[in-house]
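User: I am new to this structure. Please show me how to read its features.

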2 protein chains.
Amino acid sequence: MRYRRVPDETIRRLPKYLRALLLLMDRGQKTVSSVALADLMGGNPGRVRKDFSYFGGFGKRGFGYDVETLAGEIRKILRLNVVNKAALVGVGNLGRAILAFPSLKKYGFEIVAAFDNDPKKIGEKAGGIVIEHISQICDLEQRGVYVGIIAVPRQAAQQTADDLLEAGVRGIVKFSQGYITVPKRVKVITIDIAMDFARLPYYMPRSPSRAAAFRRTGSL
Amino acid sequence: MRYRRVPDETIRRLPKYLRALLLLMDRGQKTVSSVALADLMGGNPGRVRKDFSYFGGFGKRGFGYDVETLAGEIRKILRLNVVNKAALVGVGNLGRAILAFPSLKKYGFEIVAAFDNDPKKIGEKAGGIVIEHISQICDLEQRGVYVGIIAVPRQAAQQTADDLLEAGVRGIVKFSQGYITVPKRVKVITIDIAMDFARLPYYMPRSPSRAAAFRRTGSL
């Protein structure tokens, strides 16, 4: 089921809810209030309730949300309840780090193929996967791979995107810098790690933080 | 100057505006309309104007925004107009990838120290920086380092955060999974790369995308 007219902002927060819920499940917690969930997320309880209202609620007044049920529903909405097979292109340091992320599996992703253009790397194993030459990328659709991950240098990003799409990929996660063009139906998620740093200094205290060390707060 | 009562959502978008503006500057574009900027960002023009209204506008009706001025103002607001020196802990694949990010500099960050606990790595150079033993982390404040980057395994994240804060760090970018607690004044930005993947399947077409290949759209 595709839920219509859900704001992108809400869709953007759903993975964060899921992350918080997985943490609570790790801790063995069975239910959670919108207040506690908002606190974990750094938002407000009203927004939590509003976000979930697009999908019919989930909560019982006074009882909060059932952690496991809610996590399952979010997985369903985000289509993470099936395994999403992915192919990685570019097995440099970042590519190797991505192949080793234990949490990709938690979100339903499985990298099943890795490509590079460096002859020295071909045949080598990284994260349990044999690295193939980029020329072997053609049959991803037949392998059930619909997600492409681009971790190549900036100047190779467009060609890599073209190759992935030609091979049957329907969505792309791009780590490379720069602008690429893709067919309108193809979703590209750009992960610009440096950009995520950029909002940190705004929140940094001007004076040393150790003075406040006695008041501690959690961070997911 | 600290701008008060700016919603976190707006602060969260400022780096994205900056990224779009840097792209426009690369292309030699001098001015940009709120419509064009919204298009690059994947938002709507009203929100662009609203976001900038918290800082007094910047735009001239009918002329749009001056790209370079706007980028400069956003840098000032986010305090990226000074160099923010950072220390990285954990020089694995991800750590090495972070050290090599060319775009960190674009946002005003400079990694000046890297630490690991693996004796084999100490003294080795990564991204032009000599890797030091984690026990050398004590004097970051004296070195003018206020940003800490955690790229260690999950189970070492809390200890690393404690060490960084003890050494004088005021803000943390955390790549490790899991929950850490820090003093209330310390901002922690968690970059959970796997989580960013999680909103992709929702947007992926069910049928092959190649049929729509003739309509192309840009993606930053």
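User: Which helix gives the most to the side of chain A that touches chain B?

Analyst: Helices are DSSP runs of H or I, at least four residues, numbered from the N terminus. Here helix H1 (residues 8-26) of chain A gives the most, with 10 residues.

User: What should I know about the model itself?

Analyst: This is a predicted model: local features need pLDDT of at least 70, side-chain atom pairs count only at pLDDT 80 or more, and totals for chains, interfaces and linings use all residues. Residues are numbered from 1 along each chain as its sequence is written, and side-chain values use heavy atoms, with hydrogens and water left out.

User: How many residues of chain A are in contact with chain B?

Analyst: Contact means heavy atoms within 4.5 Å. By that rule, 91 residues of chain A are in contact with 91 residues of chain B.

User: How much area do chain A and chain B bury between them?

Analyst: Buried area is the accessible area (1.4 Å probe) that two parts lose on being put together, summed over both. Chain A and chain B bury about 9,300 Å², 58% of it on carbon and sulfur atoms. A:Arg185, A:Phe197 and A:Tyr202 supply 10% of the area that chain A buries against chain B, more than any other three residues.

Technical notes: Chains are lettered from A and ligands numbered from 1 in the order in which they are written. Helices (H or I, at least four residues) and strands (E, at least two) are DSSP runs, numbered from the N terminus.
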